[in-house]
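Open your viewer and keep the selection tool at hand. Each stop below tells you what to select and what is there.

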Amino acid sequence: MRPFGRPELFFVFAKQNDHRADSRAFERNREGQAGIIHNMTSDIQIHVSPFVGFARQWTPVALSSELRGRPLAVTVAATDVVLFRDAKGVASALIDRCPHRSVKLSLGRVEDGCLTCPFHGWKFAGDGACTDVPWHPEAKRDALGATPLPTRELGGMLWIYTAIDEQPRDEPSPPAEVLAPDVRLFGESFEWRAHWTRAVENMVDDSHLPFVHPNSIGRGMRRSRDATLALDVEEHPWGWSWRAVVDGVAAEWSAELRLPNVSLLRIPAGPGKSLGICFAAVPVDGERARILQLGYRSFLRSPAFDWIFRAINRRVLGEDKAIVESSPVGPVPHASAEASVATDVVGLRFRKRALAIIRS
Ligand code: FES
Ligand SMILES: [Fe+2]
């Protein structure tokens with residue numbers, strides 16, 4: 001297993017005086033894998049694979065509300081990414097390295113719908129195309145582009161596909177509830193000192209509710225010492241949905257997990273009303289995850305009510321954080337390494353899929 005906290009390194013021996021190799025933030029190693037070049041000495045470079053342990057995945061990386069007029073820097077599976085909006089408000093993502101001298105593009109500004117590098121002012125469009133090279137009006141800009149990533153804005157979240165030079169095999173698939181036109185979306189993001197797989201397992205774990213959240217969403221769930229909990233799980237092409245059954249009675253809430261890292265909790269709110277929370281656990285590195293918490297509601301839709309719902313959601317997530325951060329560093333282990341019971345069923349199915357992603 002290769003947790004992405006330890007980027008895969010390739011030593012690339014570049015000829016001295018090979019200025020072309022020096023000038024590219026991205027190159028391919030001898031096996032043809034795209035990667036980030038870091039200079040070590042004048043003749044040795046390190047080639048780091050991007051998105052190690054989380055490659056070829058659609059993942060939310062930020063809430064739509066977090067991306068305004070300025071570039072937004074995020075780290076996804078140990079790879080630096082910059083997001084920005086063009087003049088029409090369309091979001092794009094680039095690898096956060098300028099192809100000229102590899103500084104962070106996210107330190108620059110958005111001008112005329114392009115991202116301007118803070119160092120020498122080169123400009124890049126959302127597809128990575130270089131649109132301006134100051135001092136060099138005759139420059140062959142076709143060869144000077146930044147590295148784009150497939151980007152989508154859906155359901156109040158910004159999604160990227162974690163691969164370079166590869167077209168996605170499919171499209172992101174957010175829960176239907178956050179795509180509904182008549183809901184108010186409101187959210188916040190947090191950083192947890194926990195591996196993304198530990199965070200996802202917490203989100204799909206119903207049995208912890210009365211213990212971690214005794215005074216919030218778990219209140220009244222476990223009424224006696226002999227109470228039983230079962231999960232009615234359904235499999236889908238995108239993951240699993242389930243409903244808890246407490247003492248033989250189906251609970252009013254239900255949930256789903258959309259692989260690899262997006263979950264949804266539907267909270268009962270009365271007939272015809274829609275209320276719940278969507279979570280995404282975005283890998284930052286082998287030790288940290290960025291947690292996106294996106295609430296939705298089909299009633300009290302005025303933004304003036306956001307603070308009440310936000311305060312409730314923040315409290316619940318804070319209770320989870322305190323427990324999950326006490327897990328061992330790194331990804332969840334193979335199922336045989338920890339004791340499990342029937343109510344861990346969704347977590348165990350997720351664990352199998354997650355470990356396959358990490359190994360691939
Ligand atoms: S380093 Fe970006 S323009 Fe020179
Ligand atoms: Fe929880």
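Select strand E8, residues 91-95, together with E13: two bridges join them, and they run antiparallel. Strands here are DSSP runs (E, at least two residues), and helices likewise (H or I, at least four), numbered from the N terminus. Two strands pair if DSSP finds at least two bridges between them. Now pick Leu-94; its bridge partner in E13 is Pro-148.

This is a predicted model: local features need pLDDT of at least 70, side-chain atom pairs count only at pLDDT 80 or more, and totals for chains, interfaces and linings use all residues. Residues are numbered from 1 along each chain as its sequence is written, while chains are lettered from A and ligands numbered from 1 in the order in which they are written.

Next, go to Asp-206, in the loop between helix H3 (196-203) and helix H4 (209-212). Is Asp-206 buried or exposed? Asp-206 is buried, because 25 other C-beta atoms lie within 10 Å; the cut-offs are 20 or more for buried, 12 or fewer for exposed and partly exposed in between, with C-beta atoms placed from the backbone. Beyond four places in sequence, Asp-206 touches Leu-229, Leu-231, Ala-244 and Thr-343. Contact means C-beta atoms, placed from the backbone, within 7 Å.

Last, colour by pLDDT, the predictor's confidence in each residue from 0 to 100. The protein averages 89. Over residues 1-25 pLDDT stays under 50. Where pLDDT is low, the predicted coordinates should not be read in detail.

Notes: Contact = placed C-beta atoms within 7 Å.
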